[in-house]
Amino acid sequence: TERIRGAWASATDALVDAGLDIASSTTDSEIAATGTPVVPGAAAQLRRLASLSSSATFGSPRHPDILAADAVSCLGSVERAVVSARSRWQRLQWRLSLRSLRPSTRSPITD
């Protein structure tokens, strides 16, 4: 379950670095809904990753190793979608962004 939560935390960091603002009271499904425009082409994977995260947080999923592999796959799709939706300059800005590290803008999701 830690790997699933870690994949979700990485995905939210990628969204924050891409410009998404996430309030501390926002649920995983709300983050997925507001993050959809940031990851065109990977909306389903973002929603799936949010669902896996909620399941890992509030339940005891069966076969966590299989679900963790699914979460990592979803994370890869989300990151590729962020990259593909940006120009070369925007990709560089995204990679070098510190928004996910600043206390005022970082994601409230921790692994």
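## Buried residues and helix packing in a predicted model

At 12% relative accessibility, Ser100 counts as buried, a term that means under 20% relative accessible area with a 1.4 Å probe and protein chains only, while over 50% is exposed and the range in between is partly exposed. Ser100 is found in the segment after α5, and, not counting residues up to four places away in sequence, Ser100 touches Asp13, Val16, Asp17 and Arg106, where contact means heavy atoms within 4.5 Å.

This is a predicted model, in which local features need pLDDT of at least 70 and side-chain atom pairs count only at pLDDT 80 or more, whereas totals for chains, interfaces and linings use all residues. Residues are numbered from 1 along each chain as its sequence is written, and side-chain values use heavy atoms, with hydrogens and water left out.

The helices named here are DSSP runs (H or I, at least four residues), numbered from the N terminus. Two of them are set side by side below, with the expected span taken as 1.5 Å times one less than the number of residues.

| Helix | Residues | Span between end C-alpha atoms | Expected span |
|---|---|---|---|
| α4 | 21 residues | 30 Å | 30 Å |

Because 12 of the 16 residues of α1 are buried, this helix is largely enclosed by the rest of the structure; what covers its buried residues includes α2, α3, α4 and α5. Just after α1, Gly19 takes a positive phi of about 115°. In α4, the buried residues include Leu67, Cys74, Leu75 and Val78, and their cover includes α1, α3 and α5.

Helix α2 (residues 28-35) and helix α3 (residues 43-58) pack at an angle of about 170° with their axes 8 Å apart, the axes being lines fitted to C-alpha atoms over the stretch in contact and the angles running from 0 to 180 degrees between N-to-C directions. The two helices are therefore roughly antiparallel, a word used for angles over 145 degrees. In this pairing, Asp28, Ser29, Ala32 and Gly35 of α2 meet Leu46, Arg47, Ala50, Ser53 and Ser54 of α3.

The largest nonpolar core has 30 residues, of which Ile4, Trp8, Leu15, Val39, Leu46 and Leu49 touch the most other members; such a core is a set of buried Ala, Val, Leu, Ile, Met, Phe, Trp, Tyr and Cys residues joined through side-chain atoms within 4.5 Å. Two or more residues of this core come from each of α1, α2, α3 and α4. Leaving aside its neighbours within four places in sequence, Leu46 is in contact with Trp8, Leu15, Ala32, Gly35, Thr36, Val39 and Val78.

Technical notes
Parallel < 35°, antiparallel > 145°, perpendicular 65-115°, else oblique.
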